[in-house]
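Here is a quick walk through one protein model, written for someone who would rather look than read tables. Keep the viewer open and follow along.

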Amino acid sequence: MTVSRPRQMSLVAFMQASNVSVYAGSWRWPANTPDYLDLRYYQRIARTLEDGAFDLLFFDDRLAMPAIYGDSSDEAVRTGARPIKLDLSVILGAMAAATERIGLGATYSTTYYSPYHVARTFSTLDHLSGGRAAWNVVTSVNDTEAQNFGLEVHLDHDERYDRAEEFIDVVASLWDSWEDDAIVADRVSGEFADPEKVHELNHKGKYFSVRGPLTSPRSPQGRPPIIQAGSSGRGREFAAKWADLIFTGVPNKAVAKKHYADQKSRVAALGRDPDSVRILPMAYVVVGETESIAREKEEIFLHQLVDPMASLALLSEVTNYDFAGHGLDDLITDELLAKVTGIRGLVEGVRQSVEGPLTLRSLAEHRATLLQGPRFVGTGEQIADQMQEWFDDEACDGFVIAATHLPGTFEEFVRMVVPELQRREIFRREYEGSTLRDSLGLARPGRYVGADGIEVAG
């Protein structure tokens with residue numbers, strides 16, 4: 001007899017290899033630990049999240065300091081608005097050594113990295129972690145990043161996605177350039193691997209020319225799961241084709257339900273099982289032993305630690321538009337929005353959550369205070385109530401938890417919220433299986449057959 005269990009929520013931790021959490025004022029909070037340049041800081045957080053049975057943690061990344069506002073990085077440096085971004089491969093290796101089950105993800109750009117580099121990095125991490133790697137696919141967002149890689153301006157929106165399509169196609173083919181049973185390791189005959197089962201790609205496309213094969217054998221997961229956060233029309237199409245986890249920024253449950261239904265239908269239209277793709281909005285969580293404690297903490301984060309210049313520096317960074325020439329009460333018009341070449345979905349999401357005209361002030365306040373998704377504030381039980389309401393109403397398959405301060409947000413969430421979700425039987429008490437795909441309920445894929453001219457030759 002098969003025992004059915006309730007639908008299970010996914011929990012993902014959103015990380016920064018930085019002096020701050022996703023919230024730019026977090027470094028000023030007294031309980032925010034300052035040892036972000038020490039590997040043990042990241043290992044502690046990973047162990048905390050594993051104690052809470054999180055599916056995975058993944059790191060956001062940028063390839064430049066915020067320097068669009070006023071064509072200078074001065075405000076980002078002065079206010080601590082993410083001027084520090086460390087290399088993720090080193091950090092994830094250390095976290096893998098300190099944990100056993102939690103998934104480990106990183107953001108790598110399809111605009112400024114090469115497919116071979118990305119394929120080898122994540123294949124190596126997947127091997128060394130025992131099958132726990134995940135790749136957050138981004139197309140990067142601004143001209144400052146372009147200028148760190150020898151270009152003057154960022155590629156336009158559609159061209160970034162055209163390049164990303166070819167990029168991920170090549171990466172998937174490289175991951176599968178070794179067949180599962182290619183390694184023979186016959187010490188008697190002296191044959192290490194069967195050359196008939198290790199394949200060149202000989203790919204020559206519009207953006208990339210890649211011979212292959214990869215120098216890393218096929219990894220424990222076959223292909224690490226893909227995370228993707230596009231919310232524009234083109235971004236949703238890309239996610240429907242490739243993503244296993246779709247990371248969203250939606251202002252309220254009504255918008256989330258529409259996004260959820262739309263994205264699931266796009267996945268199904270491409271012949272994929274929509275239940276195999278998790279849609280996870282970012283959630284801003286402030287938990288306290290009592291509601292009054294949580295509300296007091298929220299007040300501090302929302303108002304007392306907010307530096308307007310940090311907000312504007314980060315807003316300009318993600319939109320790739322210099323707001324230095326605008327006043328805080330200037331309207332965000334359709335004409336101005338058309339000039340945004342970075343994350344368009346961010347501005348559209350805020351627009352849907354603001355009553356009345358959208359001004360630069362309201363946009364900056366949203367950027368400063370994490371209002372890119374639901375804000376859950378209260379006791380562990382109250383937050384679990386709010387999360388379950390979204391989950392049961394099919395507005396999401398779980399949440400990406402954004403930290404106001406580190407490591408405290410995750411410690412408090414694991415201590416006060418996770419037990420409530422487990423008591424309701426909508427979140428696991430322990431990991432099932434050993435790989436990230438096991439945790440997510442995803443099958444290990446067969447070998448990928450490349451498209452757009454990619455040939456697999458023996």
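## Helix H3 and what surrounds it

What do the buried residues of H3 pack against? They pack against strand S1 (10-15), helix H1 (39-51), strand S2 (56-59), strand S3 (103-109) and helix H4 (115-128). Helices here (H or I, at least four residues) and strands (E, at least two) are DSSP runs, numbered from the N terminus. H3 itself covers residues 88-98, and its buried residues are Leu88, Ile91, Leu92, Ala94, Met95, Ala96 and Ala98. Buried means under 20% relative accessible area, exposed means over 50%, and partly exposed is in between (1.4 Å probe, protein chains only).

A word on ground rules: residues are numbered from 1 along each chain as its sequence is written, and side-chain values use heavy atoms, with hydrogens and water left out. This is a predicted model, so local features need pLDDT of at least 70 and side-chain atom pairs count only at pLDDT 80 or more, while totals for chains, interfaces and linings use all residues.

## How H1 meets H3

The axes of H1 and H3 come within 9 Å and cross at roughly 50 degrees. Axes are lines fitted to C-alpha atoms, for helices over the stretch in contact, and angles run from 0 to 180 degrees between N-to-C directions. H1 and H3 are therefore oblique to each other; angles under 35 degrees count as roughly parallel, over 145 as roughly antiparallel, 65 to 115 as roughly perpendicular and the rest as oblique.

On the H1 side, Leu39, Tyr42, Gln43, Ala46 and Arg47 meet Val90, Ile91, Ala94, Met95 and Ala98 of H3, where contact means heavy atoms within 4.5 Å. Sorted by class, this contact has 8 nonpolar, 1 polar and 1 charged residues. (Ala, Val, Leu, Ile, Met, Phe, Trp, Tyr, Cys and Pro count as nonpolar, Asp, Glu, Lys and Arg as charged, and the others, Gly among them, as polar.)

## Strand S1, covered on both faces

Now to S1, where 6 of its 6 residues are buried. In a regular strand the side chains alternate between the two faces of the sheet. Both faces of S1 are covered, with Ser10, Val12 and Phe14 buried on one side and Leu11, Ala13 and Met15 buried on the other.

S1 also has strand partners (two strands pair if DSSP finds at least two bridges between them). With strand S13 (residues 398-402), S1 pairs in the parallel sense over 5 bridges, and Ser10 has Gly398 as its bridge partner there. S1 and S2 run parallel too, joined by 4 bridges, with Met15 bridged to Phe59 in S2.

One runs from Gly212 to Pro213, with omega near 0 degrees; Pro213 sits in the loop between strand S8 (209-210) and strand S9 (226-228). Another runs from Leu406 to Pro407, again with omega near 0 degrees, and Pro407 belongs to the loop between S13 and helix H15 (408-416).

Asn202 is not a glycine, yet has a positive phi of about 55 degrees. Asn202 lies in the loop between strand S6 (191-193) and strand S7 (203-204) and is partly exposed, at 35% relative accessible area. Glu394 also has a positive phi, near 55 degrees. Look for Glu394 in the loop between helix H14 (380-392) and S13.

## A buried histidine

Is His259 buried or exposed? His259 counts as buried because its relative accessible area is 5%. This residue of helix H8 (residues 253-269) is in contact with Ser231, Arg236, Thr248 and Val250, leaving aside neighbours within four places in sequence.
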